[in-house]
Amino acid sequence: MSGSQFSLLDGDVCGDERHLTIEDYSSAVPRWCPGCGDHSALGAMQRLLESEQLKREKTVFCSGIGCSSRFPHYLKTYGFHGLHGRALPVATGIKMTRPDLNVFAIMGDGDCCSIGLGHWLHAVRYNVDMVAMLLDNNIYGLTKNQTSPTTPQGHKSNTQQQGSYLPALNPLSATLGITNCSFVAQTSDWTPAHLFQTLKAAFHHKGFSFVRVLQRCPHFTAGIYQDAVRHPDNVELLTHSAGICEPEAEGLYKNHISHDPSDLHEARRLAEGGNGKFRLGLFFRDESRPRYNETRALPKYTAEEKIEILNAELDRYAV
Amino acid sequence: MQSDDRVSRTLKELAGPISAFRSALASAVEDVRGILSTWRSAQSDSGEQRRAELGSFAAGRIDAERFATLLAVEEEVDAATVARLETIFDLLSDLADQKESVVRVKVATGGVLRDAVAGALARIGRAFGAARVVGLSRARRYEASLHQRFVNEYPYFLWSSSERQIAPPLVVEVAGQDVRAEALAEFLDGRQKIVLVVSGKCPPAPLARLASPGVYVVQAAEPVELAGFTAYQGPGIAALVPESAALFTHVPRAEARSWDRLKIARLPQEDAVIRLEGMSAAWQRECLRLLQELAAAPPAAAAGPSAPDRPASAQVDRLAAWLLKRTDLQGL
Amino acid sequence: MEPEVLHCSEHTVEVVSDSGEGAQKCGQIFGSVSAKMGNGVWTVEIIPAEIQPPARNAAGASGNRIRIGTQTVTNWGDRANVVVAFNEQVLLARHRLEALAEDAVIFLEDMWEKHEDEKVRAEWQAGLEELSRARYRIIRVPMEEICLTVVDDARKGKNMFALGLLCAVYTRDMAKVKAQIVHQFRSKSDEVRERNIQLVELGVRWAEEHLPFRIQVPPTESDRPMVVMNGNEAVGMGAMAAGMDYMAMYPITPATSVSHYLAEAFHKAGGVVHQAEDEIAAVGCAIGASFAGKVAFTVTSGPGLALKTEFIGLATMTETPLVVVDVQRGGPSTGLPTKVEQADLLAALFGQPGDAPKVIIAPATIEECFHSMITARRIAEAFRCVVMVLTDANLATGVQPFPRPKLDPRWQARQPDQGPVPKDTRPYEWDARSGLSRRFIPGQPEGMFVATGLSHDEASRVSYVAATNALGLKMRSRKMAVLSETLKPPEVRGDRSGDLLVVGWGSTKGAIEEAVDRARAKGLKVSSTHLTFLAPMQPGLKEIFSRFKKVMTVEINHSDELNDPFVTKENRRLSQLCWLLRAHTLVDVDCWSRCFGEPLRPDHIFGGIERMFTKGGQR
């Protein structure tokens, strides 16, 4: 994703461009619980903003409702903290009318995969140029421990005290199953360098970049990824020259699967998972997919030109 | 006339980027109109303006004077600033009205190609200069002695990197004897595109010397062959050449070497050079030889793509890792 | 022999058929041609809810009513004077609804009398028997037979034959008729257009050979340029005139045709119609576009408005400008999708949980559908608020000529200023008196803030402090008080005081005024006033009401009848504007409302007015 020019006047015409530091991109002190995976995602995002030197006024973070949706408040950019499940329509409206802005949508698992599911699946199909980050801790945290669509089957919560009844929804296969899908990656809160590289790849992808971050809620799902955190053998890293290259993770995790991200069929197979291993990396990327914001982009006219066009319209209805 | 026909077909091929620039111009016209109307209403007579803005449905229903007082803007703007903006509004509107003609250049026979291009870009650049003046005025940092000239002429060397991204392509009609294209190298930056529509006798490879790694260079016979050139998101130069000249395409690609980038479709014999004033046969031949050399792959050109640079682990990663380690997740 | 010419100042025509036989197209062309000749015109579609209801079925009657006059026509009138019916069943439907004048002239297709199906023949007999009790003048026309001389399937041709017949009866300008046919069928082949003209000519010839009368409704000569369109087209065009260039919607009857129109026209002017995945996403995208600097709009109807509720509250809370057009239809729930009602007023005003003040305006005519969009956009932008424009199915599908708008560039939205935000200005720096604050747009340096639906302070920081929340509530509400301060009191039509004041809103204006004029002609001391701003209310209402002995609203929504079982003065549920006016003015406002799924007729309203007098409605 990269913003294009909107008007001749929207550049920094005064030309004072200083290097922005991570502090410049930081706003309020995060109020997430210690150990929450959101901290890791925020850190990686701040690093991305800094490394790309994104203009703060040209960047918008949209979110829904949930712990993760506080994200925009901790960044010194524009933000829209909207409704539960509805970050994507707002983000879509912004990017369609303002292609010059860098747009990010931050969602939790309840947000994206439950109440906002319809928007998620259609956003994949629109393929509007933005980064969509699913901060998936497998639980409703803000409302205190209710089952989410991605809660592992059998996991006990306040609403399903005998354990979650249904098999967990797989956000990766769901996304990869949608027509016009163009970028799907998975990373985790305990691999910050990999998380950063994934965001970077997502940012540079032209189209709707879907990044799922596996993360823990220190209160309600602290143990869900212990197998992966404690035993690197339980992680399989997708590697490829066209994928996400991150030496630290490549050193730590010995199980590598060489996966060409242009192979949708293989991506779907890998996303299905297998033998309880956690797969991190780039599953799929295809920049050739049509982007709705570009398909629908139209030339702009001055007020006088619009009046000329409208008068021609009125002629059609003239008595 | 053949030349005119090629120009209009070239303009059609370039319609996308030309329209993008015009959109940016139209947006800028509306930007300035917006600022002006805010400033004017801050000055005086805002009632009439507000009444008009509210439309005729509001007539008899909304008290426009009261509406105006409520929305009064506190900004204080002097008359000179408003007048300056009005000039800029006219300038931008004028550029927007010129439609395609703003990107067309004709080099008089015997004229200097480089100067004609520089002049055209400086005229287009007035749009950027005007935008700067608006920004400076808005930020209260305008100084006539420094900035006045921006709206008269705004030469390419002053353009910022983002301005170089949205400048429109130029379509230049030039006689073959005047195609001294190597002098255009300084304008091949950002996404600047230049198409030379060449007529008459022409050296065989006038663009060869411009084929640097990131520049799209093409010598073609027909405008329809410019689709890839138009779509390329970087600088490029094209020449529509007569039959005597070489036809080739140089497409920049990451990690590609010159022989991967350059494809020659037609190569005249070295003795096909033409007698032209100011371009010796040797000079013309040199261009052809350069072209051949760039296109020739060495025998063992099987080198795979080099491994990408590995990013050093950043401090932030370590900080995040440390934070996570500090938090005993199991204990919670 | 020269035919007899009847001179009338106005006349009402209906064309009714089974769905799919094209009666609507016939009516539309007849209406447009009449408008182009200089007649006042109002057309209303008679629409079945299903796309293809069974043939020869009263409930499936489909068509058009066209009322034409020498002067401006403001409503669809009372009863039809001339009817063209393609079968007796659809005619019976109109007869049973008392839609036909006692002495109506009816052109009836008579192929059914000798139909091969015995059941059809029996229905025809029974139908004519029922109709014979009225004093209609029924003229049988062998439409099928004649049309078959030109087309293979008469179902696809009768409408043009009927058009020719009507045009001959009303001596319409045939050059204009032909031009209109060419326009209507512009996407079809030359062959289709020629065949249609041929059919029209057959209709004209039949009338010339068989009818001993003509009807003259002389047009008014005028140099004033006029346009003719329906309310949905007017909304779309008004939005373009207002410089709006982003509309997000989801298909819903009867609002969808706004997007049909704009999908064609918007495109030319650089605007986008985004068909979103659902009603919620549609309003969400519009809010996103508005947050990014536009004043975007969305168009919907009752069920869609219900779905948009949460987002509209968010727009109010984040003070994001937004225009929502609600083309009201019959409710509750899915209700009567194709029929008119004015029953969304309270939902529009109070639909959001929590206090969500917003502006509600209701255009009364098709012309106002156009112009209200310009005002709506400007108010939404100036007050950083949601403006709802309530139209209805009557306006949406009705066609009326009106003066061609003189387009003004100042109507158009200004491009938002992308200049830096002045130092130390905050995104909700509410002016303590007015509640107004400066709008920040992404792209403006130094303006970075996070809009949030949570309670927030002037810097848009989330705050759970009670006083902060109270301040936000107060400031958002204050804006409405400020807007109402700029409004002027509504005008009273008729005497400024009297026995009864009729108050209406929206599309009923023409019918109410016609009824009130009739009552005044009969000596009743009645006046009327029509409200365009429903929230905030126009000032001075209490004072105006005090000059009348009784005040009554007339609306197309439900209210209990006082003599219905169990209904008492205490528990009676009133019509929607009536509730509002009582709360607003503390005046004992009464109401007369009907919702039969059709526009109000002046004679019905007149009946309501009369009853108010006979019932001893004196206070």
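This is a predicted model: local features need pLDDT of at least 70, side-chain atom pairs count only at pLDDT 80 or more; totals for chains, interfaces and linings use all residues.
Q: What is the order of the strands in the open sheet of chain C?
A: Strands of a sheet pair through backbone hydrogen bonds, either parallel or antiparallel. In chain C, 7 strands form an open sheet in the order E11-E10-E12-E13-E15-E14-E21, and the pairing is mixed. Strand E11 (272-275) and strand E21 (533-535) of chain C are at the edges with a single partner strand each, so one side of each has no neighbour in the sheet. From one strand to the next, the twist averages 25 degrees.

Q: How many bridges join E10 to E12 in chain C?
A: Strand E10 (residues 246-249) and strand E12 (residues 297-300) of chain C run parallel and are joined by 3 bridges. Ala248(C) has Thr298(C) in E12(C) as its bridge partner.

Q: Which strands does helix H9 of chain C touch?
A: Contact requires that the C-beta atoms of two residues, placed from the backbone, lie within 7 Å. Helix H9 (residues 256-268) of chain C packs on the sheet and touches E10, E11, E12 and strand E13 (322-328) of chain C. Its direction makes about 135 degrees with that of E11(C), where angles run from 0 to 180 degrees between N-to-C directions and axes are lines fitted to C-alpha atoms, for helices over the stretch in contact. Helix H10 (residues 279-291) of chain C also packs on the sheet, touching E10, E11, E12 and E13 of chain C, at about 160 degrees to the direction of E10(C).

Q: At what angle do H8 and H13 of chain C pack?
A: Helix H8 (residues 231-241) and helix H13 (residues 366-383) of chain C pack at about 25 degrees, their axes 7 Å apart. H8(C) and H13(C) are therefore roughly parallel, a term for angles under 35 degrees.

Q: Where does E2 of chain A meet chain C through bridges?
A: E2(A) runs parallel to strand E17 (residues 450-452) of chain C, and 3 bridges join them. The partner of His81(A) in E17(C) is Thr452(C).

Terms used. Residues are numbered from 1 along each chain as its sequence is written. Chains are lettered from A and ligands numbered from 1 in the order in which they are written. Two strands pair if DSSP finds at least two bridges between them. Helices (H or I, at least four residues) and strands (E, at least two) are DSSP runs, numbered from the N terminus. Angles under 35 degrees count as roughly parallel, over 145 as roughly antiparallel, 65 to 115 as roughly perpendicular and the rest as oblique.
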